[in-house]
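User: I am new to this entry and would like a short tour of it. Could you show it to me before we begin?

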Amino acid sequence: DLVAVEAPEQDAPRLCVVRPYGTVEPLCQHEDDVELDLFLDPRSASPFWEDLTDEAIVGTYGEGWYGQRPVPSLGGGPGYGAQANEIWSISEEVLEQIQNDGVELPMLDVGMAHGEKARGGAY
């Protein structure tokens, strides 16, 4: 399930995914990727908000379609020893509802071109 979670130290509710065993982890988008694919936010310690109460949930957005995206490597995909990023895909209507509700969904620049942008361009 996708939920908006409000915490005292945050300015706006944060979009999170409810994981098995009751953990909740924040999601983000990747700048150079499909805007409807949501990823776990690598900046947050896992598990996130293990002691979350129902009062902190201020919105629900149904279920995202769970999948895995292989991390580029020199051999095989998931199941062959290669790593994969977990993703949750949503519809355009759900993304629009999240944005209209003012729920925070950070956009991270973690693509292959990130290093070039950080250095100011190719050498």
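User: What kind of model is it, and how are residues numbered?

Analyst: This is a predicted model, in which local features need pLDDT of at least 70, side-chain atom pairs count only at pLDDT 80 or more, and totals for chains, interfaces and linings use all residues. Residues are numbered from 1 along each chain as its sequence is written, and side-chain values use heavy atoms, with hydrogens and water left out.

User: How many helices and strands are there?

Analyst: The protein chain has two helices and eight strands. Helices (H or I, at least four residues) and strands (E, at least two) are DSSP runs, numbered from the N terminus. From that end, the order of elements is β-β-β-β-β-β-β-α-β-α.

User: What share of the residues is buried?

Analyst: Of the 123 residues in the protein chain, 37% are buried. Buried means under 20% relative accessible area, exposed means over 50%, and partly exposed lies in between (1.4 Å probe, protein chains only). The areas come from the Shrake-Rupley method with a 1.4 Å probe, and for residues only the protein chains shown count as cover.

User: Now helix H1. Which residues there are buried?

Analyst: Val94, Leu95 and Ile98 are buried in H1. They lie on the same side of H1 because they cover an arc of only 100 degrees around the axis. The arc is that of the directions from the helix axis to the C-beta atoms.

User: And which are exposed on the other side?

Analyst: Glu92, Glu93, Gln99 and Asn100 are exposed there. Glu92 belongs to H1, which spans residues 92–100, and Glu92 counts as exposed because its relative accessibility is 57%.

User: Which residues form the negative surface patch?

Analyst: The patch consists of Glu35, Glu92, Glu93 and Glu96. Patches are made of residues with over 30% relative accessible area and no salt bridge; like charges are joined within 9 Å, and nonpolar side chains (Val, Leu, Ile, Met, Phe, Trp, Tyr) within 5 Å. Asp and Glu count as negative and Lys and Arg as positive, while His and the chain ends are not counted. The place of a charge is taken as NZ of Lys, CZ of Arg, CG of Asp or CD of Glu.

User: Changing topic: how many salt bridges does the structure hold?

Analyst: There are six salt bridges. A salt bridge is a side-chain nitrogen of Lys or Arg within 4 Å of a carboxyl oxygen of Asp or Glu.

User: Which residues pair with Arg69?

Analyst: Among its partners is Asp33, with N and O 2.8 Å apart. That pair links distant parts of the chain, with Arg69 in strand S6 (residues 65–70) and Asp33 in the loop between strand S3 (24–30) and strand S4 (37–40), 36 residues apart. Arg69 also forms a salt bridge with Asp37, where the closest N and O atoms are 2.3 Å apart.

User: Is Asp37 buried or exposed?

Analyst: Asp37 is buried, with a relative accessible area of 7%. Arg69 is partly exposed at 25%, and Asp33 is partly exposed at 28%.

User: What about Arg43 and Asp41?

Analyst: Their side chains meet in a salt bridge of 2.8 Å, N to O. Salt bridges that share partners join Arg14, Asp41 and Arg43 into one network. Arg43 is exposed at 55% relative accessibility, whereas Asp41 is buried at 5%.
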